[in-house]
Amino acid sequence: MSPASPLHLPKNVSRRDILKLSLAGAGITALGPLGRFCAPASAAPQNLKRMIVINMFGGCDTLNMVIPVSLSSYSSRRTSAAGSVAVDTSGVPALGGPFATQLYKLHPSLPRIRALYDEGSVAFVQRVGYPSANLSHFESQDIFSTGVRNGFGPLGVSPSGWIARYANDNAPTSMGAVGLGVGRLLDFIGGGTNPLLVSSLGAFNISGTASNSTNARLHRSQYAKEMIQRYSGAGLNQQSRDALDQAYTLTSAVQTALASYTTAVSWANTSLSQRMRDAAVLIEGGFETRIFYTGYGGFDTHSSQGQSTGALPSLFTQLDDAVGAFAQDMKNRGVWNDIAIVVITEFGRRNYVNGSAGTDHGHGFCALVIGGAVTGGSYGPDLTNQDLNAEHLAYAVDFRSIYKHILGEHLAADPAPVFPEPLTIETNLQIV
Amino acid sequence: MARTHRSVARHGFLALTVGAAAAFGGGAGSAAGAEGEVNVYSFDVVTAPVCLEGTFPFTLTTDDGASQGTLTVETDAKGRVTGTADYLGLSFQVTGSVKFKAAKSTLSLDGTSGRTKLALDGVLGGGPGARTFAGGASVKGDAALARKGTCVIDLASAPEQTATVDVVLTEGKKGKFAAEGTAASCGDVVALKGGGKASKLSFKGKSFTLSLRQGDGGFEWESSGFGASASGSGLVLDPLDVPTEPVYSVPVVEYEEGDAIAANVIVGGTNPRGRFSVSPGLPAGLAIDVVTGAITGTPTEISPLATYTVTASNAAGSAAGTLRIQTRLNRSRSFAFEGRTLAEDDYRHFLTRTRWFATDADMAAVQSQGVDTYLNTMLSFQRNTAAEQAAAATELVNVTDPPGLEGKFPSSTQVARWWTNLMLNSENPFKETIGFFWHDHFGCSTVVLEGSNNFYMVDHVNKLRYGGNGNFRQLLLDVARDPMMLVFLDGRVNTRTAPNENFAREFWELYTLGVDNVYTQADIVQGAKAWSGYRERYDANGLGYMSVDTNRHDTGAKTIFGQTIPGNQTTDQDYESVVDVTLGLPGRPVAKFITKKLFEYYAFEDPDQVLVDEMADYFVDTCQWELAPFLRRLFTCEAFFHAKARRAQVKAPVEYGVGFIRATGLVLRVSSLDSLLNTLGQRPTQSPTVNGWPLGELWLSSQGLADRTNLIYQCVEDTTRQRNAGIDVVNLMPPSGQRTAGNTVDTLAERLRVELTEADRTELVEYLNTVRNTNGTTTNSPFDGESQSHRDERVRGLLLILAQHPTYQVR
């Protein structure tokens, strides 16, 4: 078995370069944006379009998520004497609704997403990737995070994450783009804004600052706050000061939103469901967050991957619970049509089972786009037996085509500066 | 240095004798007229402003309303103005003239932009430095833009320029004087010639004239040039003094090549209207400012200590001074032993970098022994110490453990607490920091272990802790065969028939070479075959272990990096072969990779390649891959103590938390600290990725900073339990009788190595001397350092504030 990885943060040269650049703007990082986060309102604002990215860290075997049931190679390639990763879908209902298809079925652990499909709110995009696939988790995640395949040099753009670039141009506040449970993911790094990156909303508080604290505690937190506000330094000292200042300001606003959130939906007690609940809290709290980014790990299933049940199916269940609950909560608030959830992973896996009843790192994968704003159905080229007989699924849709489409058509942002690198394959998607 | 009088023409001045200098300017001039000397006079003729330079906003008011524009111009010596006017989105190239007169100055400009013409015409008024412009303006051309109106330019930023005249007067026949010199203003220099009788002089240049007539209180004068006419009276011609010896603020100085130097300025000597020169030429990259004499720049070459003569010279003469400069290899690139006497902060830097904290006792020990001797103890790792026995007994043992197997069945939480306990109590904290470096390097986690085998991680951590100063080749072999690693990167399921590439890839990508460095996918395929054969078995007690299954080992020959590993070797022989082929790669990529990573962990990021190469050679040639001698050199080399290594990295949570607790003694329960470190995302024994934890800067999220504060909050809130255990903040305070608020703030800040500003200090003293009331106001309440309640409430509060200081987040 391989590590369950909630964080994929490589320490390589390109990462360092990005960090340096992020420091350059540190002086202006927090002050401007901080003063301008949107105060919580009583209810979720209507018609404010949101994008939510869910990353299945580790490289998801999406052939077992959206299963090509009509292809004979699927089961032959995935079965071996040493073990099998083929999923038996005989008892699984066909995909229905306005975009009914006989070619694929969703894994049996995804019933709520299947129901959303039948409503016409789930699109899947086959053979997503980027040119010259890299099989390293870290390198591949870096490419997804930066949105740049061939380096920043030729582009004349400072190394940065795509969300950082989006936020700079379109949502330059600390709440414009929010990372939930993904550490300081590279996607957010390198811009002039300082987006909120929290492990969870509930954990986002500072002890001894609540108004009902003792006078002694309030006394010292007051002097600490003033010391931090007063501080002016250079480099990392200043960057630390900005993060501290932001910690004091935002913890107070977020705790208020969390305390006033009520819901009719039952959220599963998994990290992904709880992070999606956090997104719902911020939406209900009136924060004008345009991009949420969350994810969960464990998809690096080199061994004992499971078929209908097991390691990978239990991860699918977590996804199904989280998306299902989130969809219902948004519907209850009348904002489901403002939502587009993009489900990605850093790469797909090999088409065939390895010697440990698992699958090794691969290339293309199937992405999901889910939401009331989505026109459901199958996008990208349909899979063939020839595709499955190859080592990897060759990429046919650049992941940036999906992001660019959502940014342009859903968030009404100009995608060109966010993804400055020309795409080898440019796909005109009409998902939202 | 000797003062020398000039006898040779310079800057076009003629060097002739003057016999009647006393005729000029009364007494002041009479001192300088000795035979054989040049008499030089200079004066400022103030005709401000004599040039219009800069950017000025203007407003054009018409029937349509008002529109803003800007004018960016400069003026030459003849009063000709050129520049641009930006107006209504068009950029006009403008030319024209400005005439400055005492009562009425005028500005006239024309410009075109495409087919549109702009004309500005009007009067400049107001005093020097606060002029205004009022006049007419018109725009002609495109119908949409064509307009005519009143133009107002705000010239509040107009520069106040003076024309400076330098002349050398020499006496000729019949009481007549000849003069040559210059007039300068607005960046233009005009050559002047002229002369006349002692009572009446005039100087002329191509676009500047000045005439003087002796009056009762000095000369009356009139000038014309630089766009201005001006006049005045009472002008005195002062003889120009000969320069005196220039003296530098730092007369003997050592610079490091590659670093910009602090300007070395002249603090003694005079050089009126003079210039400075230096001989021989300064080391490459340094330059002398010919006007001020200041030496600035960034040296780009290494040069031995040498004397440089700086000559101050003006038209009256010159004087020379010296300074001595050496440029040396930049200390940040030097792996040489740091021979200088270390300052207190150097010792504190050494201790906090290598051990995460420095108590008074630690400081006393290292200062009395010196770093080199101190390292003898620090680099020799004892096994089975009292702290290790205590940590194992406290954290790993369960009541259900069978006799003889105590501590073999811990939970993953127990394992995490075990190492955290060690970090809090280890007699040699360096063993934990180097162990943690290797843990970050070989990032493994208990999350992949089946419940019964968590002891794999204990053994794994001990390999890293004990081997952290050992032989690197041995460390690689130990880790490769380590049960924890064989689980983590699938070595236990890597077989001849089903090779698993996981470890092969990471061995090169993360552990020895760096991503995409040297190795290829073909090497990984071959490497996976060599790493095959180990499998997991269980003994009679249900404890897992790893052993070779010869049936699982691929016995074919393997080709890695173009070298053949012969077939029919055992698994262990293949393991050694892969390690040796990798370590033996030409160009020493492994030594470069690993010494650079160690350096970055303990000193600063992105060391120069020169340094990396030297470290790699030292590690291989001198140390033979032994870590202890390499680390000794690392911790005593110049680069380690360089300014780049100070406040250069964000503390990771473990260093922040453990460092605070050990520096202050304010211990938490191990279970509490473990939980907080888990929240902070850095739980020892649970690396989030095979690549360890994120880099320092990545820890600066608002959540991370909030949670750090929460960790310290728990430390300082644990008043009663800590005090009952004999732990009291009084141990951190100044001696009894000296516990004033100010002394207390200073002492605690120094112990935590927090850099307080004066304002910080004032506010924190006020914090100690006040209390907050329920309605939010504060009341004075003088601090009593002898009072237990004050210490428990206020001094602990002070520690919580200090731990939030931005400089405490950075090491």
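This is a predicted model: local features need pLDDT of at least 70, side-chain atom pairs count only at pLDDT 80 or more; totals for chains, interfaces and linings use all residues.
I begin with the overall content of each chain. Chain A contains 13 helices and 13 strands. Of its 432 residues, 60% count as buried. Among the contacts in chain A with a separation of 6 or more, 77% are made by residues 24 or more positions apart. Chain B has 811 residues, 47% of them counted as buried, and its secondary structure comprises 24 helices and 32 strands. For chain B, residues 24 or more positions apart account for 60% of the contacts with a separation of 6 or more.

Let me turn to a strand of chain A. Strand 1 of chain A covers residues 50-56, and seven of its seven residues are buried, so this strand is largely enclosed by the rest of the structure. In a regular strand, side chains alternate between the two faces of the sheet. In strand 1 of chain A, one direction is taken by A:Arg50, A:Ile52, A:Ile54 and A:Met56, the other by A:Met51, A:Val53 and A:Asn55, and all of them are buried.

Which strands pair with strand 1 of chain A? One is strand 10 of chain A, residues 339-345, which pairs with strand 1 in the parallel sense over seven bridges. Within that pairing, A:Ile52 has A:Ile341 as its bridge partner. Another is strand 9 of chain A, residues 291-296, again parallel, with six bridges to strand 1. Here A:Asn55 is partnered by A:Gly295.

I move next to two helices of chain B. Helix 6 of chain B, residues 412-425, has 14 residues, and the distance from its first C-alpha to its last is 20 Å, close to the 20 Å expected at 1.5 Å a residue. Since 10 of those 14 residues are buried, helix 6 of chain B is largely enclosed by the rest of the structure. The buried residues include B:Arg417, B:Trp418, B:Trp419 and B:Asn421. What covers the buried residues of helix 6 includes helix 5 (386-395), helix 7 (429-441), helix 8 (455-467), helix 18 (653-664) and helix 19 (670-679) of chain B.

Among the buried residues of helix 8 are B:Phe455, B:Tyr456, B:His460, B:Lys463 and B:Arg465. They pack against helix 6, helix 7, helix 9 (472-480) and helix 10 (483-488) of chain B.

Strand 14 (residues 200-204) and strand 15 (residues 208-215) of chain B run antiparallel and are joined by five bridges. They form a hairpin with three residues between them, and B:Lys200 has B:Arg213 as its bridge partner in strand 15. Strand 15 of chain B then pairs with strand 16 of chain B, residues 218-225, in the antiparallel sense over eight bridges. That hairpin is made through two residues, and the bridge partner of B:Leu212 in strand 16 is B:Trp221.

I come now to the nonpolar cores. The largest has 254 residues, and those with the most contacts inside it are A:Val342, A:Ala367 and A:Val369. Helix 10 of chain A, residues 311-332, gives the most to this core, with 10 residues. Domain 4 (489-586) and domain 5 (653-808) of chain B both give residues to this core, so it lies between them. Beyond its neighbours within four places in sequence, A:Ala367 is in contact with residues including A:Phe124, A:Val128, A:Val342, A:Ile344 and A:Phe399. A second, separate core has 69 residues, among them B:Cys51, B:Phe92, B:Phe203 and B:Phe208.

Conventions: Residues are numbered from 1 along each chain as its sequence is written. Chains are lettered from A and ligands numbered from 1 in the order in which they are written. Helices (H or I, at least four residues) and strands (E, at least two) are DSSP runs, numbered from the N terminus. The expected span of a helix is 1.5 Å times one less than its number of residues. A residue is buried if 20 or more other C-beta atoms lie within 10 Å of its own, exposed if 12 or fewer, and partly exposed in between; C-beta atoms are placed from the backbone. Two residues are in contact if their C-beta atoms, placed from the backbone, lie within 7 Å. A nonpolar core is a set of buried Ala, Val, Leu, Ile, Met, Phe, Trp, Tyr and Cys residues joined through C-beta atoms within 7 Å. Domain bounds come from an automatic or database domain assignment. Two strands pair if DSSP finds at least two bridges between them.
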